[in-house]
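Reader: Could you take me through the helices and the aromatic contacts of this structure, reasoning each answer through to a value or a name?

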Amino acid sequence: MTSPLADPTVRRVALVRLRVGLGDLLCSYPAVRRLRAVRPDVRITLVTFAETAPVVARMGDAVDELLPFPGIDGIPERTPDPTGWAAFVAAAAERRFDLALQVYGDRPAANRVAAALGARLIGGFAPTGWEPPDAMRALHLRYPLHLHEAERHLRLFEHLGLPRGGPPEMAFLITDDDEAEHAATLGRHGLVAGGYAVLHPGASSPTRRWPVERFAAVGDGLAADGLDVVVSGASSEGAIGAAVTAAMHAPALDLTGATSLGGLAALLRDAAVLVGNDTGSAHLAAAVGGRSVTVFLPGDPVRWAHHGPRHRVLAADVACAPCPHLICPIDFRCAASVRPEAVLAAARDLVAHR
């Protein structure tokens with residue numbers, strides 16, 4: 001069988017994503033939405049870590065349930081919980097999946113997870129250097145390194161029988177509660193939609209964090225243009241947000257950790273521009289129709305950058321980028337190669353063409 005997603009007998013599908021990043025899940029969403037639109041009869045189970053539940057909930061009826069994943073050696077996102085593996089496999093078996101798909105990426109460990117779910121059919125991405133079993137070879141797609149993350153998932157689903165459509169459409173559900181929170185935030189701080197810029201200086205790994213003083217320089221430039229400057233980030237990034245506001249000469253509002261996920265989405269939607277690292281905020285801005293300037297240091301713009309009239313990308317101009325390091329083993333030259341003047345110019349261009 002080469003087209004299981006077009007087969008009406010395939011009714012229970014497990015998607016093995018195993019990611020914790022906001023951007024990872026947001027980039028999966030366009031393909032999952034299209035699957036739901038074409039096959040409303042399919043029950044879709046997303047296999048990933050329990051902590052992603054708030055993001056999965058924003059996928060609405062595109063996902064029927066989240067099956068919590070306990071971790072496994074070879075998946076670096078979280079330390080495995082070996083005591084939970086047996087219960088996880090048993091829970092998967094109870095669901096009697098017709099099809100389990102590895103939609104994690106370029107790691108064979110994710111294929112082992114897909115195989116452990118007890119599904120009648122097993123497919124998905126075939127990582128570099130890994131060969132699928134002969135009986136399921138046609139249900140796998142060699143991991144397409146040359147495509148954007150969102151396009152990779154669509155390409156896989158089309159390989160498995162989903163009709164070809166247009167380009168992936170990023171999306172994120174903003175609720176009435178989110179709107180109320182956002183309105184309260186703007187009112188409390190005297191902000192006006194379109195009259196403020198957001199700086200997002202945090203990222204999960206040190207190598208993806210453009211230096212604080214460079215963010216501060218961009219913030220001062222945008223403040224000189226008459227925009228209010230807001231610093232955003234997760235609650236764990238408080239020190240980074242405080243450092244940026246302290247390094248700026250102009251006043252800035254530090255909202256690090258002060259908004260919910262939905263509140264942040266609305267904040268980015270109504271901003272004149274977001275200037276941030278290659279991290280979840282850039283994908284969230286793209287999903288809600290915001291404007292963004294994204295600084296790529298070791299990250300791969302081919303895989304993660306959003307393009308079009310609302311987005312600008314500034315990538316490191318060094319021979320060693322992109323690279324997989326979480327901490328730079330040399331002199332972090334990629335950070336020095338992205339100049340504040342270039343980032344500020346890109347942000348000003350987006351603001352001018354609103």
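Author: One definition comes before the questions: helices here are DSSP runs of H or I with at least four residues, numbered from the N terminus. The model is a predicted one, and just after helix 3, Arg 96 takes a positive phi of about 50 degrees.

Reader: How far apart are the end C-alpha atoms of helix 1, and what span should its 17 residues have?

Author: Helix 1 covers residues 22–38, and at 1.5 Å a residue its 17 residues should span 24 Å. The expected span agrees with the separation found between the end C-alpha atoms, which is 25 Å.

Reader: Where in helix 1 does a kink lie?

Author: Helix 1 contains the proline Pro 30, and a kink of about 35 degrees lies shortly before that proline.

Reader: Which residues of helix 3 are buried, and why can they be said to line one face?

Author: Helix 3 runs over residues 85–95, and its buried residues are Phe 88, Ala 91 and Ala 92. Seen down the helix axis, these buried residues fall within an arc of 100 degrees, so they line one face of helix 3. On the other side, Ala 86, Ala 87 and Glu 94 are exposed, while the cover over the buried residues includes strand 2, strand 3 and helix 4. The buried residues asked for are thus Phe 88, Ala 91 and Ala 92.

Reader: What is the angle between the planes of Trp 85 and Phe 88?

Author: A search of the whole structure finds 5 aromatic pairs. Among them is that of Trp 85 and Phe 88, residues which are 3 apart in helix 3 and therefore separated by about one helical turn. Trp 85 is partly exposed, with a relative accessible area of 25%, whereas Phe 88 counts as buried at 4%. Their pair is tilted, with 5.3 Å centre to centre and an angle between the planes of 45 degrees.

Reader: How many residues apart in sequence are the parts that the pair of Phe 125 and Tyr 143 ties together?

Author: The ring centres of Phe 125 and Tyr 143 are 5.0 Å apart and their planes lie at 85 degrees, so the pair is edge-to-face. Both residues are buried. Because Phe 125 lies in strand 5 and Tyr 143 in the loop between strand 6 and helix 5, the pair ties together parts whose separation in sequence is 18 residues.

How values were computed. Residues are numbered from 1 along each chain as its sequence is written. This is a predicted model: local features need pLDDT of at least 70, side-chain atom pairs count only at pLDDT 80 or more; totals for chains, interfaces and linings use all residues. Side-chain values use heavy atoms; hydrogens and water are left out. Helices (H or I, at least four residues) and strands (E, at least two) are DSSP runs, numbered from the N terminus. The expected span of a helix is 1.5 Å times one less than its number of residues. The bend at a residue is the angle between axes fitted to the seven residues ending there and the seven starting there. Buried means under 20% relative accessible area, exposed over 50%, partly exposed in between (1.4 Å probe, protein chains only). The arc is that of the directions from the helix axis to the C-beta atoms. Contact means heavy atoms within 4.5 Å. Rings of Phe, Tyr and Trp (its six-membered ring) pair if their centres lie within 6.5 Å; planes under 30 degrees apart count as stacked, over 60 as edge-to-face and the rest as tilted.
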